[in-house]
Amino acid sequence: MEPCKNFKIAAYVFAYYLDKADDAEIQRGIDFYRQYIHLDKVYIENHRGKVDIPVKRLREVKALFEKNGIETSGGITSTQNVNGIRKPSYFDTFCFTDPAHRAEYRRIVSELSQVFDEIILDDFFFTACRCEMCIEAKGKKSWAEYRLDLMEEVSHEIVDLARSINPKMNFIIKYPNWYESYQETGYNPGKQRDIFDMIYTGTETRDPIYSAQHLQRYESYSLIRLLENTAPGRNGGGWIDLGGSSDNLNIYLEQADLTMFAKARELMLFNFSSMVDTNALPALGNEFRRVDRLVGRLGEPVGVWAWEPYDGDGEDQAYNYLGMCGAAIEPSPYMNPDAPVVLFTQSTAHAPDAMEQLEAYVRKGGNAVVTTGFFREMYDRGIKDLTSVRLTGRHVIGNEYMIDHSNYTSTHYCKGADPVLFEILNYKTNATVSDVTLIAGEHNFPIMTEDNYGRGRFFILNLPENFADLYKLPLEVIRGINKHLSMGQRVYLGCRPKVNLFAYDNNVYGVESYRPMSDKVQVIVRGACKGLRDIESGREYAECLTLPKPACRGDATTIIEEPTEYAFELPVWPGRYTFFEVME
């Protein structure tokens, strides 16, 4: 098979397999891969759990793969059994407080550094240990503080060790998909990005329902973007596996697709042996050929700037739920004062200067969208000066909605199939306006409010108590929310939930549906155009609906200038994606 032009394909060869497989078995696996994909590289593991692969055998396996034209690197999974004593740590990760554990880890790194010029750490390079040594060493620190400091120290130690043995060493740390919990277990990208040569990204979203992680599928895209913005140019790739999706190959392929749509440089298949003699590899091979052609036509990803600071905590997966409602998201650990829109979630409040940055950004003309979680965190830290909205601690449930943006005279009413629970926000009429509103009985309550402040605009997005209830909102509500989230972008979506929009800076866009039936989405283009063109089939969509234009309300004398919006209907199908360009 020919190699892909726009990304590499790699596989992880884990120690449990190497502990049993002989050369003939490995060669049979290589030959199976060769039928369906071009395997560029493998990462050969020397340690996992109770298994160690001797240096001599590592060299033999390395030589075998290289004989077949496949690049090789090393890998470590940081689980253990040291001296036969169990530590109180989930997954039996190393206790890096314990000198015996530190010595054992140094041995593993030392041996691998003798064989390979590059090492990747699988996503168990963390600690959750609460043994007596850890309790004593932690002292008055929180567990997050202690573990962040500890793993920063260990990171320096092993990278320095590896380089002392092999000056050519390229050391990579792979971060797992549970980004919202990094700090609690010592994952420290804010510091480790400057310690390790490269990082890598776990994009295994798997099952969003029957798994404790509740990872939304959009995260296979958004996490690549978050970590690319963490270490620009040094995010090596995305890592997927069959776990949680082996009964549905389409879900497995979606993880690969989204990883590539986010412009990952490499896709890691975990693991080499589990793919042999399966239908997954033939399906991937066919998918890679199509995706490779597409990726070659995509510019750089763009979207609403979602500020996710290092060690942030709160409103887990919030922007991924919004991504599943058609919002294009560009998460970053840094504030971007030049972005047309910035999304502030509860996690953003972890940044010490979050409130100061918000106030300055809006005052100079930015458009800020803050969630109720961020609003609550900043409630007594100055945010009340930007709005008349106040928290009540009460809640309301309903399924009727009104969309009445303050810059328009048109009002839309719609109804969802199921009721949704929201927090009740109070606001003062004409000091603040409600652009998207829940109707409940003879009362109504804001879902998205708007305020003027300085030269900018300030929006509060009232997320449902259960973020998954966003998926119960009708198209008109989602369109109303996306309109504000997408300010400064050419295109946004009016859609029913469980649709992704991928936006790029070269006027190319992609839409992928996870809905169980065929449907249509509204692709809304700001400014006149000739229509949409499918960049694969060449099919054109020229028919459109001109949406209402801004208009003065009541006795107002001015409006906020906005380009005319045109809505094109684009058909979508379950598990399929369409990429198109706007025809100028």
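The model is predicted; local features need pLDDT of at least 70, side-chain atom pairs count only at pLDDT 80 or more, and totals for chains, interfaces and linings use all residues. Residues are numbered from 1 along each chain as its sequence is written, and side-chain values use heavy atoms, leaving out hydrogens and water.

**The sheet**
- Six strands form an open sheet in the order β10-β21-β22-β28-β24-β25, with antiparallel pairing. Strands (E, at least two residues) and helices (H or I, at least four) are DSSP runs, numbered from the N terminus. Two strands pair if DSSP finds at least two bridges between them.
- The edge strands are β10 (301-302) and β25 (540-541), and each pairs on one side only.
- Five bridges join β21 (residues 499-504) to β22 (residues 508-513).
- N500 has E512 of β22 as its bridge partner.

**Residue M268**
- M268 sits in strand β9 (residues 266-270).
- M268 counts as buried because its relative accessibility is 0%; buried means under 20% relative accessible area (1.4 Å probe, protein chains only).
- M268 touches residues including A10, Y43 and W239, not counting residues up to four places away in sequence. Contact means heavy atoms within 4.5 Å.

**The helix pair**
- Helix α10 (residues 249-261) packs with helix α11 (residues 280-295) at an angle of about 30 degrees, with axes 10 Å apart. Axes are lines fitted to C-alpha atoms over the stretch in contact, and angles run from 0 to 180 degrees between N-to-C directions.
- The two helices, α10 and α11, are therefore roughly parallel (angles under 35 degrees).
- The contact includes L249 and F261 of α10, and A280 and V295 of α11.

Methods: Buried means under 20% relative accessible area, exposed over 50%, partly exposed in between (1.4 Å probe, protein chains only). Angles under 35 degrees count as roughly parallel, over 145 as roughly antiparallel, 65 to 115 as roughly perpendicular and the rest as oblique.
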